[in-house]
Amino acid sequence: CNDADERDFNAWGLRPGADWSEQSEGTNGIGTCLAENRGVIIHRDQHFLPKNIAMSCIGMPIYGAHGEMVGVLDVSSARLDQTDGVNKLIAAAVAETARKIETENFRAHYASERVVLAGRDTVDHSALVAINADDCIIGATRAARKMFKWGCEGALRPIAATDLFVDDSDLRG
């Protein structure tokens, strides 16, 4: 936050080390996102505790290299003029940023493997798979796991890349 907001944000508990779990703060952007494993917009009086109703909080999950939730990216604001429409625009930017964090984390985790965009004509650039030297898919982002209906998290059973990337019509000539 900027220096002008630091005192207010600290008073609201928006500081490193604060506990924003639902158990501690009730409905809120970070805790509710963690509890429900999905992105949330908690606008002003949707917060459980009265001390938090001055804020709009937008929380998006960040998933690790094995599809597990590893954190939440939250943007909180106390602007009185913040509308539902503005919250939706902010939520789109927060979701995109969370996916960028995921893809960079995935690429770093599988740095010694080939990482490729999954699927054909996809607009979701966070749908990535990692392919080893034996041409087996050994990892996939959460978006790719959903796309191919693989389990959302955990280790993948190696899958031959040709099973995914070669269409039967390609083989028939």
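The model is predicted: local features need pLDDT of at least 70, side-chain atom pairs count only at pLDDT 80 or more, and totals for chains, interfaces and linings use all residues. Residues are numbered from 1 along each chain as its sequence is written, and side-chain values use heavy atoms, with hydrogens and water left out.

I begin with the overall fold. The protein contains seven helices and seven strands, taken as DSSP runs numbered from the N terminus (helices H or I, at least four residues; strands E, at least two). Their order along the sequence is α-α-α-β-β-β-α-β-β-β-α-β-α-α. The radius of gyration is 20 Å, well over the 16 Å that the globule rule gives for 173 residues, so the protein is more spread out than a compact globule. That radius is taken over C-alpha atoms, and the rule is 2.2 Å times the number of residues to the power 0.38. The C-alpha trace spans about 65 × 30 × 30 Å along its principal axes.

Of the 173 residues, 36% are buried, that is, under 20% relative accessible area with a 1.4 Å probe, protein chains only.

Four strands form an open sheet in the order 4-5-6-7, with antiparallel pairing, where two strands pair if DSSP finds at least two bridges between them. Strand 4 (114–117) and strand 7 (159–160) stand at the edges with a single partner strand each, so one side of each is left without a neighbour in the sheet. Strand 5 (residues 128–131) and strand 6 (residues 136–140) run antiparallel and are joined by three bridges. Ala 130 stands opposite Gly 139 in strand 6.

Key
Buried < 20%, exposed > 50% of the residue type's maximum accessible area, 1.4 Å probe, protein only.
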